[in-house]
Amino acid sequence: MVVVKTKKELLSELNNIDSSIALGLVPTMGALHQGHASLIKKAVSENQKVVVSIFVNPTQFNNKEDLVKYPKTLDADINLISAISKEIIVFVPEVSELYPKQVKTKIYHFDGLDKVMEGEFRDNHFNGVGTIVEALLNLIKPTRAYFGEKDYQQLRIIQKLVEIQQIPVEIIGCEIVREKHGLAMSSRNERLSKKIRQKAEFIYETLKTAKQKFGTESVLDVKEWVVKQFNDNIDFQLEYFEITDVNTLTPIIKKNTNTKQRAFIAVYAEEVRLIDNIALN
Ligand SMILES: Nc1ncnc2c1ncn2[C@@H]1O[C@H](COP(=O)(O)OP(=O)(O)OP(=O)(O)O)[C@@H](O)[C@H]1O
Ligand SMILES: CC(C)(CO)[C@@H](O)C(=O)[O-]
Ligand code: BAL
């Protein structure tokens, strides 16, 4: 397995590859877990060569403490990747490599997809994600790039990004991988105490019950029920719960059987921010 740190080294590795083969890209921020592993395995199964990038992108962090405390486990990450395939190129750049002049965020117009939920509560977050994903796609020029549905809004925004910037790549969404009791795997889970990590199954349990209720109750009643669950629970603080159309990500107030809807949640536990979502129909 090759680990490269500079764009120059990366391009020299990529130049050794026949340009007609399918190249997969899995962008990550490291602290890899089985959620990432599922993306990497899918990329390996669908492409002849795969690049995994590990880069904690400063421009997408609205909260400095979140950036400083973001877990870093490079040796373990490399072991996890090499256990999947020894043929993978791992790109681990420094900030100055991807932001050579200054750490600057591009501004995009994502047709309102960035105005709700994560976009509303994490100011400028999606401009930061767009800036780095566009830079990686333009540098690596993959055939396919893989993103998890755990960050469903991010996935929709990246689909929009490649459309508006006309980047020739197929964006592949991958199902959410969960811990044994249902908590969506996330690098930030590492920051939870053992006790709260166990209790955090409550988040997915709430989503599953909300889905059941969505079958028979009004959108407003489901939302009120979710808020109440959190009012009664001192371990978790609800930031938002929304039910939206999957295409526009606009929150809905009335059910529509002609379109697909999804429920989204963001929760704080021990000052760690966790997100999850579930398909409703
Ligand atoms: N549990 C999961 N199931 C499927 N995909 C996931 C999961 N966790 C992360 N991913 C995907 O892996 C890619 C890299 O994510 P990232 O490195 O930010 O990890 P993360 O676990 O989402 O970390 P955090 O949420 O703490 O930032 C993203 O496309 C993300 O959606
Ligand atoms: C896509 C991404 C790697 C861009 O920094 C990040 O937002 C993530 O890990 O989901
Ligand atoms: N996994 C999404 C990236 C972030 O939380 O910044």
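Predicted model: local features only at pLDDT ≥ 70, side-chain atom pairs only at ≥ 80, totals over all residues.
The UniProt annotation "binding site", taken from an unreviewed entry, covers Gln 60 and Gln 154. These two residues span 95 residues in sequence, yet no two of their C-alpha atoms are more than 11.4 Å apart, so they gather at one spot. The protein is divided into domain 1, residues 2-174, and domain 2, residues 187-276.

**The annotated residues**

- Gln 60 lies in the loop that runs between strand S3 (49-54) and helix H3 (64-68), whereas Gln 154 is found in helix H8, which covers residues 152-164.
- Once neighbours within four places in sequence are left aside, Gln 60 is in contact with His 125, Gly 128, Val 129 and Ile 132.
- With sequence neighbours within four places again left aside, Gln 154 is in contact with Val 129 and Phe 147; Val 129 is also listed among the contacts of Gln 60.

**The surroundings of ligand 1**

- Ligand 1 is surrounded by 18 residues, of which the closest are Gly 35, Gly 148, Met 185, Ser 187 and Arg 188.
- Helix H2 (34-46) and strand S5 (144-148) are the elements that give two or more residues to the shell around ligand 1, and H2 provides the largest share of that shell with 4 residues.
- By class, the shell around ligand 1 is made up of 8 nonpolar, 7 polar and 3 charged residues.

**Overall fold and dimensions**

- The protein has 11 helices and 9 strands, and along its principal axes the C-alpha trace spans about 60 × 40 × 35 Å.
- For 281 residues a compact globule would have a radius of gyration near 19 Å, and the value for the protein, 19 Å, agrees with that expectation.
- Buried residues make up 34% of the 281 residues in the protein.
- Among contacts between residues at least 6 apart in sequence, 69% join residues that are at least 24 apart.

- The C-alpha centres of domain 1 and domain 2 lie 26 Å apart, and the contact takes 12 residues from domain 1 and 11 residues from domain 2.
- On the side of domain 1 that touches domain 2, H8 gives the most, with 3 residues; H8 is also the helix in which Gln 154 is found.
- The residues on this side of domain 1 divide into 8 nonpolar, 2 polar and 2 charged.

**Positive phi angles outside glycine**

- Gln 166 has a phi near 50 degrees, a positive value in a residue other than glycine, and its place is in the loop between H8 and strand S6 (170-174).
- Gln 166 is exposed, because 6 other C-beta atoms lie within 10 Å and a residue counts as exposed at 12 or fewer.
- Glu 271 has a phi near 65 degrees, again a positive value in a residue other than glycine, and is placed in the loop between strand S8 (261-269) and strand S9 (272-279).
- With 11 C-beta neighbours inside 10 Å, Glu 271 also counts as exposed.

Terms used. Residues numbered from 1 in each chain as written. Chains lettered and ligands numbered in written order. Near = placed C-beta within 6 Å. Nonpolar A, V, L, I, M, F, W, Y, C, P; charged D, E, K, R; others polar. Contact = placed C-beta atoms within 7 Å. UniProt positions renumbered as here; feature names shortened; annotations may be inferred. Rg over C-alpha atoms; globule rule 2.2 N^0.38 Å. Buried ≥ 20, exposed ≤ 12 C-beta atoms within 10 Å, placed from the backbone. Domains from an automatic or database assignment.
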